[in-house]
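This briefing covers the ligand site, the pocket and the backbone of the structure shown below. Please read it alongside the sequence and the coordinates.

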Amino acid sequence: MSDMMRSLIDILDLSPREIDELIATATDIIENPSAYSRKCEGKKLATLFFEPSTRTRLSFEAAMYELGGHVLSVTTTDGSSVAKGESIADTVRTVSCYADIIALRHPQEGAALVAAQSVPVPVINAGDGGHCHPTQTLADLLTIHREKGTFENLTVGVCGDLRYGRTVHSLIGALSRYAGIRFVMISPRELRIPGYVTASLQENHIPYTETLSLEEAIPDLDILYMTRIQRERFDDPVLYEALKDSYILTKDKMALAKEDMCVMHPLPRVNEISVAIDNDPRACYFKQVRNGKYMRMALILKLMREPFSPKEPRTLYHHLRCNNPRCVSRTEQELEPSFILTGPKDAPVYRCYYCEHKAR
Ligand code: NCD
């Protein structure tokens with residue numbers, strides 16, 4: 001895979017130094033937008049969104065337009081060959097004949113990795129099912145950087161649907177690389193953070209606690225990252241109804257928080273943050289939206305400038321089959337199941353290369 005294109009599939013594909021560089025570029029774009037207005041002249045971005053989106057897709061498209069480039073867009077499966085049963089690999093191969101870079105959102109976990117393996121252009125993961133959402137994390141990181149001036153020594157609460165909340169998985173991965181970070185996971189039992197996320201925290205000795213109570217957790221937090229309980233990820237509508245109002249951030253709860261705690265949310269919000277909080281100076285969720293466009297501009301520039309992946313190929317094992325029903329390896333035609341070996345030497349674990357679930 002040494003000739004694989006430079007893509008962004010997982011936030012850990014970017015080193016902390018590269019994140020700093022993207023933040024520096026985004027900051028420069030904010031200050032001198034006209035210096036960037038022709039950087040992608042003659043280039044095309046394809047946005048392939050096979051799940052609903054307002055912000056992420058428009059943010060990518062606005063980013064490409066502000067760089068002077070063009071956009072090709074597919075927004076549902078109904079109007080594309082996916083409805084005819086086309087594989088992800090074939091769809092993106094086709095699109096790569098027209099576009100210089102692809103942003104893909106897809107309901108299956110691992111879909112963006114399959115896409116990146118299939119085409120000679122960079123692929124950006126704009127959300128793969130309940131797995132990852134690295135460009136939302138770029139928006140989140142620029143917001144934290146502008147509000148707090150550092151990624152170190154922060155107590156970060158993540159609240160809501162931690163099981164399927166892909167933005168949370170990517171954010172935890174990114175912040176885990178900074179000193180003095182602590183996480184407080186606030187969720188109903190049914191929506192606890194997946195094992196592959198906590199396994200990585202344990203391996204890296206990052207402190208975290210899990211709790212059911214937002215009220216108890218909030219006084220300690222520097223950042224509270226709220227998420228939506230995602231109706232579309234539930235197989236059981238009764239369970240969704242039972243959990244949908246688990247956490248609602250109100251003025252009363254904000255009164256328990258630090259004076260400078262940041263409230264973040266990837267949006268869309270349903271009812272988990274009271275609109276009465278929108279005017280609180282601690283509310284940062286609309287700043288995240290704005291920051292997302294600048295970080296996506298910086299990312300597109302980087303991927304167009306540095307086309308080849310610096311990543312070392314991983315050793316893959318093919319003797320198992322992934323049990324996660326949402327994993328792309330279960331449906332993509334002739335995709336060989338692939339696993340990586342993780343964990344400590346005395347207790348190694350095989351994890352699916354595509355969705356990171358543990359092999360059973
Ligand atoms: C999030 C997503 O799609 O994962 N939204 C976004 O991209 N800003 C969160 C959500 O849909 O709840």
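**Ligand site, pocket and backbone**

In this predicted model, a polar atom in the side chain of Arg-105 is placed 3.1 Å from an oxygen atom of the ligand. Of the area of 320 Å² that the ligand exposes when taken alone, the protein buries 93%. The shell around the ligand takes at least three residues from each of domain 1 (11–133 + 290–305) and domain 2 (149–287).

- Gln-136 places an N or O atom of its side chain 3.1 Å from a nitrogen atom of the ligand.

**Residues around the ligand**

- The residues around the ligand include Thr-56, Arg-105, His-133 and Gln-136.
- Also among them are Arg-166, Thr-167 and Arg-228, together with Pro-266, Leu-267 and Pro-268.
- Sorted by class, this shell holds three nonpolar, four polar and three charged residues.

**Largest pocket**

- The largest pocket holds about 910 Å³ of space.
- Its lining comprises 34 residues, and those nearest the centre of the pocket are Asp-10, Leu-12, Arg-314, Ile-340 and Glu-356.
- Two or more lining residues come from each of strand S4 (123–128), helix H6 (166–175), helix H7 (195–203) and strand S10 (339–342).
- Helix H7 makes the greatest contribution to the lining of the largest pocket, giving six residues.
- By class, the lining of the largest pocket consists of 13 nonpolar, 11 polar and 10 charged residues.

**Backbone features**

- The peptide bond between Leu-267 and Pro-268 is cis, with omega at about 5°.
- Pro-268 is located in the loop between strand S9 (262–264) and helix H11 (285–305); both Leu-267 and Pro-268 are listed around the ligand, and the cis bond joins these two residues.
- Asn-153 is not a glycine, yet its phi is positive, at about 55°.
- The loop that holds Asn-153 runs between helix H5 (134–148) and strand S5 (155–159).

Definitions and conventions: Residues are numbered from 1 along each chain as its sequence is written. This is a predicted model: local features need pLDDT of at least 70, side-chain atom pairs count only at pLDDT 80 or more; totals for chains, interfaces and linings use all residues. Side-chain values use heavy atoms; hydrogens and water are left out. A residue is near a molecule or strand if one of its heavy atoms lies within 4 Å of it. A polar contact is a pair of N or O atoms within 3.5 Å; within protein, one must be able to donate a hydrogen and the other to accept it, and residues adjacent in sequence count only if both atoms are side-chain atoms. Accessible areas come from the Shrake-Rupley method with a 1.4 Å probe; for residues, only the protein chains shown count as cover. Ala, Val, Leu, Ile, Met, Phe, Trp, Tyr, Cys and Pro count as nonpolar, Asp, Glu, Lys and Arg as charged, and the others, Gly among them, as polar. Domain bounds come from an automatic or database domain assignment. On a 1 Å grid over the protein atoms alone, a cavity is a set of points where a 1.4 Å probe fits but cannot get out, and a pocket is an open set with protein on both sides within 12 Å along at least five of seven lines; lining residues have an atom within 4 Å of a point. Grid points are joined across faces, edges and corners, and a volume is the space filled by probe spheres set on the points. Helices (H or I, at least four residues) and strands (E, at least two) are DSSP runs, numbered from the N terminus.
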